[in-house]
Amino acid sequence: MTTEYQVRLDRSACDGVFACLVRDDRFVEDSDGLATIDAGDDGRHRDPNANGEELVTFTDERLPAAEQAARACPVDAIEVLVEGDDE
Ligand code: SF4
């Protein structure tokens, strides 16, 4: 089931607990010790802005993993936004 969704990571809120990494391996540790999103080949529109926020659009079957990572984050730094209906 392919779904288009966006994953938003607020790096200013992230405290490097890395609960997200074990739920979804698209979250990786960056050189500054905080999480970052590995957009990979499937990701598009990575737009880190001045606040350190990352927003990546994915179209794949991995929405559940992203949602698990968002739920696991103790500081709610991850938000998953479903853009469209299932295809
Ligand atoms: S679980 Fe949340 S606070 Fe921890 S590394 Fe991931 S985004 Fe950052």
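Where is the place of phenylalanine 18? Phenylalanine 18 turns up in the loop between strand 1 and strand 2 (27-29). Keep that spot in mind as you go through these views of a predicted model.

View 1. As a bit of background, strands of a sheet pair through backbone hydrogen bonds, either parallel or antiparallel.

**View 2. How strand 1 pairs with strand 4 and strand 5.** On one side, strand 1 (residues 3-10) is joined to strand 5 by five bridges. With strand 4, strand 1 pairs over eight bridges, in the antiparallel sense. Valine 7 is a handy landmark: its bridge partner in strand 5 is valine 80, and in strand 4 it stands opposite valine 56. Move on to arginine 8 and you'll find glutamate 79 of strand 5 standing opposite.

View 3. Aspartate 76 has a positive phi of about 55°, although it is not a glycine.

**View 4. The ligand in the largest cavity.** Here we zoom in on the ligand, which sits in the largest cavity. Around the ligand there are 14 residues, and the ones that come nearest are Cys14, Asp15, Phe18, Cys20 and Cys73. What kinds of residues make up the shell around the ligand? They divide into twelve nonpolar, one polar and one charged.

**View 5. Back to phenylalanine 18 in its loop.** This is the residue we opened with, in the loop between strand 1 and strand 2. Phenylalanine 18 isn't a glycine, yet its phi is positive, at about 70°. It also belongs to the residues that come nearest to the ligand.

How values were computed:
Residues numbered from 1 in each chain as written. Predicted model: local features only at pLDDT ≥ 70, side-chain atom pairs only at ≥ 80, totals over all residues. Heavy atoms only, no water. Pairing = 2+ DSSP bridges. Helix = DSSP H or I, 4+ residues; strand = E, 2+ residues; numbered from the N terminus. Near = heavy atom within 4 Å. 1 Å grid on protein atoms, 1.4 Å probe; cavity = no way out; pocket = protein on both sides within 12 Å on 5 of 7 lines; lining within 4 Å. Sits in = over half its atoms within 2 Å of the grid points. Nonpolar A, V, L, I, M, F, W, Y, C, P; charged D, E, K, R; others polar.
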